[in-house]
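Dear colleague,

Please read them with the model open beside you.

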Amino acid sequence: MDKIVSHKDVVDQLSDGMTIGVGGWGARRKPMSLIREICQSDIKDLTVVSYGGPDVGLLCAHKKIKKLIFGFVSLDMIPLESHFRQARQKNEIEVMELDEGMVQWGLRAAAMNLPFLPTRVGLGTDVLTHNPELEYVTSPYNDAEKLVAMPALKLDIALIHVNKSDEKGNTQIIGPDPFFDELFARAACKTFVSSEEVVSTQELGGKDGAIFNRFERSLVTGVLHAPCGAHPTSCAPSYGFDIEHLKEYSAAAKSFDEYSTKYLNKTHQEYIDSIGGSETILNIPLPQF
Amino acid sequence: MSESISLAEICISSSSKAWKGEGEILATGIGLIPRIAAGLAKLTHNPDLMMTDGETYLISKPAPMGKRDISLDQVEGYMSYSRVFENLWGGKRHAMVTPTQIDSFGQTNISAIGDYGSPKVQLLGVRGFPGNFINHKNSIFIPNHSVKTFVKGKVDMVSGMGHQNKKLSNGKFEIKLVVTNLGVFDFNAENNNLQLLSLHPGVSVDDVIENTGFDVIIKSDEPTIMPTSDELTCIREVLDPQGVRNSIFGE
């Protein structure tokens, strides 16, 4: 079994109007090399589900997003995402703004093949005002409590960045927080992972390695070898987020051309070279809070 | 203590009381003052509090501000984002947060300012506010108490619910304490109005009234209790030895 694919192979699987889920969290472990590949393609009108960071911002800057389903978009140490901000303030994207936990619940419902999962979260807030499509469900038990019926967030494709994988899609997320990547994989018809390392099954570390295997290989359609593929987001324990780069990226909301010429429309290797090579990226320290 | 007591230190000491008597729960202080305040609560009156290293692990002692040697952290448990969600849905948490706007109902906004379709200022998004406020107690820290933060009418995008909807929360909703650069408040007056509990040095009742976009009940105009020397030692020597707190009010 060999699921190895190229950046182009993954983007060839996308089509206009699809719903794409992006793993990671804010400025952490985002499949950025795949996001850049989408940005340089003709794909348009995507619905994107994300705990958003520069993945959302870059897609906004390239006008790839029709609708964003999100709880936040942030670069962590730079709290506000300038490209997303601009897209919202110019009314360029539709939004379904949800509580972070409602996003998780929607993915979980999709993962479990359920139409919805009940929750109190959202009640008493404008999340319900601005998402009139969200319906209620009444508890069938004695309490008869009226709850929000959080609909399943079904994904056509999930894109996830991992630390390690074999050719069969036995992936490992070694950073301490796997975020909600497992649910993205389960909610999607197809999941493509980009991986820092592609190794043999023997090199996955047996039982000790298997605890880092957060979802099973049957969910993985394709494996892309993308060393430093999360840059400028972090990929613990290998590298932190590139704050200087994120500052330059943020400032580019005013005029995108210079940033674009310097860093975009390149092969993945050319991109890494434009940052100063993989050594430079692997030397970026992990953030400390 | 030779140094004079700063406004940041007064706010930290006042804010730490949010976790008084809260028992063995997760204390989350988001932002500089709330984070130091949570640490102060743990070091003084509530050692049972659980706190994270700001990322994924529960650690035995509050993480000091600024650079530290993280290899010295005594890790005692695990608190990934998924765990945080599970924890907060169970209600065993008390967070202190800083919304951009708050209204007379205690409704909070961190999502967007202005018209929702094309906001004047897009902020973070509602993040976890809807879930936090409906599932567990929260407290608020506002460093810039004004009619732009304490708004007339309703906040622009209700991210955290208010007390008029408490019945929706299975009794869990409560804003316990509101600490600002002007004084200490809560929402426990009759009809859940915001009420003044104490004034920080140099602040008058008129300052509070002028800077709040809705009615405030003046329960007390006593001066805010100053941090004790023990608290000052904890803040200055343990929790924030590099003085990161001074940046919040430019002190």
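**Helices against the sheet**

In chain B, helix 2 (residues 32-43) lies across strand 1, strand 5 and strand 10, and it runs at about 150° to strand 1 of chain B; axes here are lines fitted to C-alpha atoms, for helices over the stretch in contact, with angles from 0 to 180 degrees between N-to-C directions, while helices (H or I, at least four residues) and strands (E, at least two) are DSSP runs numbered from the N terminus. Helix 1 (residues 7-16) of chain B lies across strand 5 (93-97), strand 10 (138-142), strand 11 and strand 12 of chain B, at about 175° to strand 11 of chain B.

This is a predicted model, in which local features need pLDDT of at least 70 and side-chain atom pairs count only at pLDDT 80 or more, whereas totals for chains, interfaces and linings use all residues. Residues are numbered from 1 along each chain as its sequence is written, and chains are lettered from A and ligands numbered from 1 in the order in which they are written.

The strands belong to an open sheet of 7 strands in chain B, with mixed pairing (at least two DSSP bridges between two strands) and the order 1-5-10-11-12-13-14. Its edge strands, each pairing on one side only, are strand 1 (26-29) and strand 14 (217-218) of chain B. Strand 11 (residues 175-180) and strand 12 (residues 183-186) of chain B pair in the antiparallel sense over 2 bridges, and Val179(B) stands opposite Val184(B) of strand 12.

The contact (C-beta atoms, placed from the backbone, within 7 Å) takes 33 residues from chain B and 34 residues from chain A.

Technical notes. Contact = placed C-beta atoms within 7 Å.
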